[in-house]
Amino acid sequence: MPGYFARSTIAVIAAWLAWCAPAPAQDYPTRTIRVIIPLAPGGGGDIFTRALADELQKALRQPVVVENRTGGGLNIGARACAEAAPDGYTICVLSSEPVIYNQFVFKSLPFDPEKDFEPISNLFFNTLALVASSSLKVKTISDLVALAKAKPGTLSYGTFSFPLAHFMEKLKKETGADIVRVPFRGGAEVVNAVLSGSTPVAILALSNMVPQLQSGHITGLVVTSKTRSPLFPDIPTLAEARGGEDYPSTWFGLFAPKGTPKPIIAGLAGEVARIVEDRDFRQRMFIDRAVEPAGATLTEFARFISDQRKSAERIVKESGLQPQ
C-alpha cells in the first residue's frame, strides 16, 4: 500500500494556481492557524505534526500552533476539527482510526467521518512493529507466545490503534497466547510503559521508538511491512515470521472542516507537497524515523479514503467486535 501513489507535478501546479484564486483564499492567511491532533504529545504522529506545522509557519508567514485533543478513542479531537469554523484557520492531522474505523467500532459518533471533513493530503504510512521490553528476554514471536503460555495472565500489551489491537487479538486466538490489552492515548505513553515494564509488549509505529530499539532497551520481534526496515534490517517481517500473513497498516492525513473553501484546501495541499519533497524534511521525518511517505493528490487521497473505509468495515466485522 505505501508508495503506490505517484505525486503528479500537474496536480501540484494546479494547486498553486488555485491558491492564487480570488477571495476568499486571496488574503489567506492573515492570522494564527490551529492544527488539531487527537493524540497525546510526544508520539510519532505528534512529532511529525509539529515538524509540518513549523514548515507551514515559515511558508505562510503566520503562526501555526498544534493543539492536542486526546481521549474518546480519538473521537474528541476529530469532533473538535469537524465542529470548527470552515475558514482555513483550523486544520487537523487525523489517523485512519477516526476517519475510517471508528464508525464501525462505536455505536454513535459525535461527527460524520464521511461528510464532516475535507481531505487535504495523505501525509504518511507508519511502519509498524511488534516489540517487547528487553527484560522479557524474548527475540521472536514464538518466544513471546511460549512465555505467555508459561505465565498466563501476567503479560500485557499496549496500543492505541484498533487495527493493531485487532492484529494482536487475532494472534492470541491463533496461538493461545494469554496477553491482556492495555489501552493508551498515544505512542509516547506506550513506549514509556514498555520501558518501565508495566506493559512489556507493544505494537506501534517504529517512529515512536527508534532510539530505544537502537539502544537495545526494546527488542523488535517483527515489522508489519512488506520488506525489512532499512534502519533495523535484523528485525524480520511478519510474512517471514509467520508465513505470508496479512499485515495491519495505519496512516495519517491532513484534513479541514467540511466547507473550507476549495482554493484554501488546494493551496494547503500544494504547500504540503512542497514541504514533504524537501530533502532535509524527508531525511528527518521519513528516513530517520522509519516513516513511509504517501504522496497523493487531492483526488487520489479522497478515493483512497473511500476504498479504505470498505476494508475497515470488513476488518471490524471479521473481528467480531460489537460496537461500543
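## How α2 meets α11

Axes here are lines fitted to C-alpha atoms, for helices over the stretch in contact, and angles run from 0 to 180 degrees between N-to-C directions. With that in hand, let us look at helix packing in this predicted model. α2 and helix α11 (residues 279-287) have axes 11 Å apart and pack at an angle of about 165 degrees. Because angles over 145 degrees count as roughly antiparallel, α2 and α11 are roughly antiparallel to each other. The crossing in which α2 passes α11 is left-handed.

Which residues make the contact? From α2 come Ile47, Phe48, Ala51, Leu52 and Glu55, and from α11 come Phe281, Arg284, Met285 and Phe286. Sorted by class, the contact of α2 with α11 holds 7 nonpolar and 2 charged residues, with no polar ones.

## A closer look at α2

Helix α2 covers residues 44-60, which is 17 residues. The buried residues of α2 are Gly44, Gly45, Asp46, Phe48, Thr49, Ala51, Leu52, Ala53, Glu55, Leu56 and Leu60. Among them, Phe48, Ala51, Leu52 and Glu55 also take part in the contact with α11.

Just after α2 comes Arg61, with a positive phi of about 60 degrees. Arg61 belongs to the loop between α2 and β2 (64-68). Its relative accessible area is 74%, over the 50% cut-off, so Arg61 is exposed.

## α10 joins in

Helix α10 (residues 262-277) is another partner of α2: their axes come within 10 Å and cross at roughly 115 degrees. α2 passes α10 in a right-handed crossing. On the α2 side, the contact is made by Leu52, Glu55, Leu56, Ala59 and Leu60, and on the α10 side by Leu268, Glu271, Val272, Arg274 and Ile275. By class, this contact of α2 with α10 has 7 nonpolar, no polar and 3 charged residues.

## Helix α12 and its surroundings

Helix α12 (residues 298-319) has 22 residues and should span 32 Å at 1.5 Å a residue; its end C-alpha atoms are 31 Å apart, which agrees. Its buried residues are Glu300, Phe301, Phe304, Ile305, Gln308, Arg309, Ala312, Ile315 and Val316. What do these buried residues of α12 pack against? Their partners are α4 (96-105), β4 (117-126), α6 and β10 (251-257). Just after α12, Gly320 has a positive phi of about 75 degrees.

Lys170 lies in helix α6 (residues 162-175). With 35% relative accessibility, Lys170 counts as partly exposed. Lys170 and Ser319 are 149 residues apart in sequence, while their C-alpha atoms are 7.9 Å apart in space. A second pair of this kind involves Ala146 of helix α5 (residues 141-150): its C-alpha atom is 9.7 Å from that of Asp178, 32 residues away along the chain. Ala146 counts as partly exposed, at 46% relative accessibility.

## Backbone details worth a look

Most residues other than glycine have a negative phi, and most peptide bonds are trans. Against that background, Arg61 has a positive phi, near 60 degrees, and Leu74 has one near 75 degrees. Is Leu74 buried or exposed? Leu74 is buried, with a relative accessible area of 5%, and is found in the loop between β2 and α3 (75-82).

The peptide bond from Tyr28 to Pro29 is cis, and its omega is near -5 degrees. Pro29 sits in the loop between α1 (9-19) and β1 (33-37).

Terms used
Residues are numbered from 1 along each chain as its sequence is written. This is a predicted model: local features need pLDDT of at least 70, side-chain atom pairs count only at pLDDT 80 or more; totals for chains, interfaces and linings use all residues. Side-chain values use heavy atoms; hydrogens and water are left out. Helices (H or I, at least four residues) and strands (E, at least two) are DSSP runs, numbered from the N terminus. The expected span of a helix is 1.5 Å times one less than its number of residues. Buried means under 20% relative accessible area, exposed over 50%, partly exposed in between (1.4 Å probe, protein chains only). Angles under 35 degrees count as roughly parallel, over 145 as roughly antiparallel, 65 to 115 as roughly perpendicular and the rest as oblique. A crossing is left-handed if the near helix is turned anticlockwise from the far one by less than a right angle, and right-handed if clockwise. Contact means heavy atoms within 4.5 Å. Ala, Val, Leu, Ile, Met, Phe, Trp, Tyr, Cys and Pro count as nonpolar, Asp, Glu, Lys and Arg as charged, and the others, Gly among them, as polar.
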